[in-house]
Amino acid sequence: MTIRRLPETLVNRIAAGEVVERPAAAVKELVENAIDAGATRIDVVLGEAGRALIAIADDGKGMKPDELSLAVERHATSKLPDDDLLAIHTLGFRGEALPSIGAVARLTLVSRTKDAAEAWSLTVEGGRKGEPVPAAAPPGTRVEVRDLFYATPARLKFLKGERAERDACEDAVARLAMAHPRIAFSLAADGRSVLKLPAQTGAEETARLARVAAVIGKEFFDNAVAVAAVRQDDEGEIRLSGHAGLPTYNRATSMHQYLFVNGRPVRDKLLAGAVRGAYADFLARDRHPAVALFLDLPTQLVDANVHPAKTEVRFRDPARIRGLIVASLKEALDRAGFRASTHVAIEALDLVRAPSPQYAFAGGPPISRGVAEASVAYHAPPPQAAAAFGASVPTTMQAPIEPRDLPLGIARAQLHETYVIAQTADGIVIVDQHAAHERLVYERMKEALAAGSVARQTLLIPEVVELDDAAAARLIAKADELGELGLGIEAFGPGAVMVRETPAMLGELDVKGLVRDLADEIAEHGAALSLKERLGEVCGTMACHGSVRAGRRLSGPEMDALLRQMEATPHSGQCNHGRPTYVELKLADIEKLFGRR
Ligand SMILES: Nc1ncnc2c1ncn2[C@@H]1O[C@H](COP(=O)(O)OP(=O)(O)OP(=O)(O)O)[C@@H](O)[C@H]1O
Ligand SMILES: [Mg+2]
């Protein structure tokens, strides 16, 4: 076969395959061009999810007729004035987007510079470029893309359904809008308004916050902590800001991770990996945190030219960036302390709201409207009333105590030997005692291991646990590791082990049950993995046999001690899989339940 140079149209079509693989990619490129042109408002209109029409109007600096003509040429850009690929201050720089779109669609540009008397229009159809002709239009640029991929029908077949393509377009606009709060955005799809974002004013951080809230909803902020970190580099400042969702506010996909590098939305593996790493301790593998993080750094430290769609970047010092993100997120989550997301309570409320008619009591006692005041001067119910509910009411709790300063409140009752009910200043807290205890054990175990030793308590009478030979041998093989975790075991003839010491943090313990379960677990996971690598599970097993496990009645002081420990322990608001360990219902929510609001 002879080697030949491909014709320009074909070259552009091939390039278009990478740059505009779906309508959302064309939308992204065109909105980026408008942002780069200094627009203060950008309006996007879609027809049939962008396949029939993508129209983007901006009020940016516009183009003169000769610029229009050059703009649709391949590798023609106004954005690399000094040929330095590491000094990129714009979203575009490759000079490829317009020719690529023009190669696979019918592209019309209408543009007018600020001081020009008239606008000029230029059309490219399937790669064939026309001549600029005068047109009537306000200053700025209007780009229309019709019949996307008509010139490459194969590509059309790879598109997803209309709904999915439209969502992707919306996501592309939303992400760019989040990073550019001072620009007003609107998006309409098939005559329906999808997004309307007014320009934000005020300080940069405030504007960004307002924009992010407008795009992804206020609920995210109610369930997130602020992230802010600055590192000084020889070449300037590396700055991370934004918000990190609480682990209990986890999601099924990573769709809710909004990551930006120098104002560019990215789906970068390094960044996503760092986020995953920071949450690894709090979330099951198949759950994802919600985050909105903005990384700003000197352009020399990041290479944006590694991906045709510019959605990935390369950092000069990846380890440093990863470290910054992991440390800042962890620090932010530490600050969240025991907080679980309000989202949990909201979901719970949705479940219990509007009971079906058979639960509506006909003649209940009249309820006075004094609930809100009740929290101010609360008196524990008389013991006989509590007994009627089967709840254990601690005698020490009978004097009124102010729950004001205790975020998780004062324990009032335990229900079903599983849930601790506490009263807070303005609501009630329901704690899953077992899940909470499991998390406390895990956090304290981590802390103790980091500090070098886990406190042990010596059993008054060592306990002998009978097992089968193999199980006993497996345990003894791990005796050193178990010892580090506070469990002192030794061989006791074939098929048995003797336990002399247990981790002090577990309190009173069902030693036999624990040892048998640990043996099972080691068998299941094989001896290869160290117990520390599975610390979460090991602690879970330990907590299962500790004194606060589900199904055990707790005294008042025990319940309060649990609540206070939770308050003092970071990350105690969720179990090791991101499920909440407690739910808080505000009085206002409870009143809503009863239709009082
Ligand atoms: N909306 C617009 N307003 C003003 N000028 C524009 C607009 N869109 C494109 N241009 C001009 O056309 C040029 C080519 O645009 P194109 O998107 O093809 O390349 P680019 O933005 O330079 O780089 P990239 O391919 O990375 O997007 C730009 O460099 C810019 O000068
Ligand atoms: Mg561009």
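These exercises, with worked solutions, cover a ligand site, a helix and a set of strands in a predicted model.

Residues are numbered from 1 along each chain as its sequence is written, and chains are lettered from A and ligands numbered from 1 in the order in which they are written. Local features need pLDDT of at least 70 and side-chain atom pairs 80 or more, while totals for chains, interfaces and linings use all residues; side-chain values use heavy atoms, without hydrogens and water.

**Exercise 1.** Find which residues come nearest to ligand 1, and describe the shell around it.

Solution. 
- Step 1: Look for polar contacts (pairs of N or O atoms within 3.5 Å). A polar side-chain atom of Thr77 is 2.5 Å from an oxygen atom of ligand 1; for Lys79 the distance from a polar side-chain atom to a ligand oxygen is 2.7 Å. Leu98 places a backbone N or O atom 2.9 Å from an oxygen atom of ligand 1.
- Step 2: Ligand 1 alone exposes 590 Å², of which the protein buries 95% (Shrake-Rupley method, 1.4 Å probe).
- Step 3: Two elements, α2 (23-36) and α4 (97-104), each give two or more residues to the shell (helices are DSSP runs of H or I, at least four residues; strands are runs of E, at least two). The largest share, three residues, comes from α4.

**Exercise 2.** List the buried residues of helix α9 and state what they pack against.

Solution. 
- Step 1: At the start of α9, a side-chain oxygen of Asp268 reaches to within 3.1 Å of the backbone nitrogen of Leu270.

**Exercise 3.** Explain why strand β18 is largely enclosed, and trace its pairing.

Solution. 
- Step 1: Five of the six residues of β18 (residues 419-424) are buried, so the rest of the structure largely encloses this strand.
- Step 2: β17 (residues 410-415) and β18 run antiparallel, joined by five bridges (pairing needs at least two DSSP bridges). Gln414 has Val420 in β18 as its bridge partner.
- Step 3: Three residues lie between the strands of this hairpin, where His416 takes a positive phi near 50°.
- Step 4: β18 and β19 (residues 427-432) are also antiparallel, with six bridges. Gln423 is bridged to Ile428 in β19, and a hairpin of two residues joins β18 to β19.

Definitions and conventions: Near = heavy atom within 4 Å. Polar contact = N/O pair within 3.5 Å; in protein donor to acceptor, adjacent residues only side chain to side chain. Buried < 20%, exposed > 50% of the residue type's maximum accessible area, 1.4 Å probe, protein only. Contact = heavy atoms within 4.5 Å.
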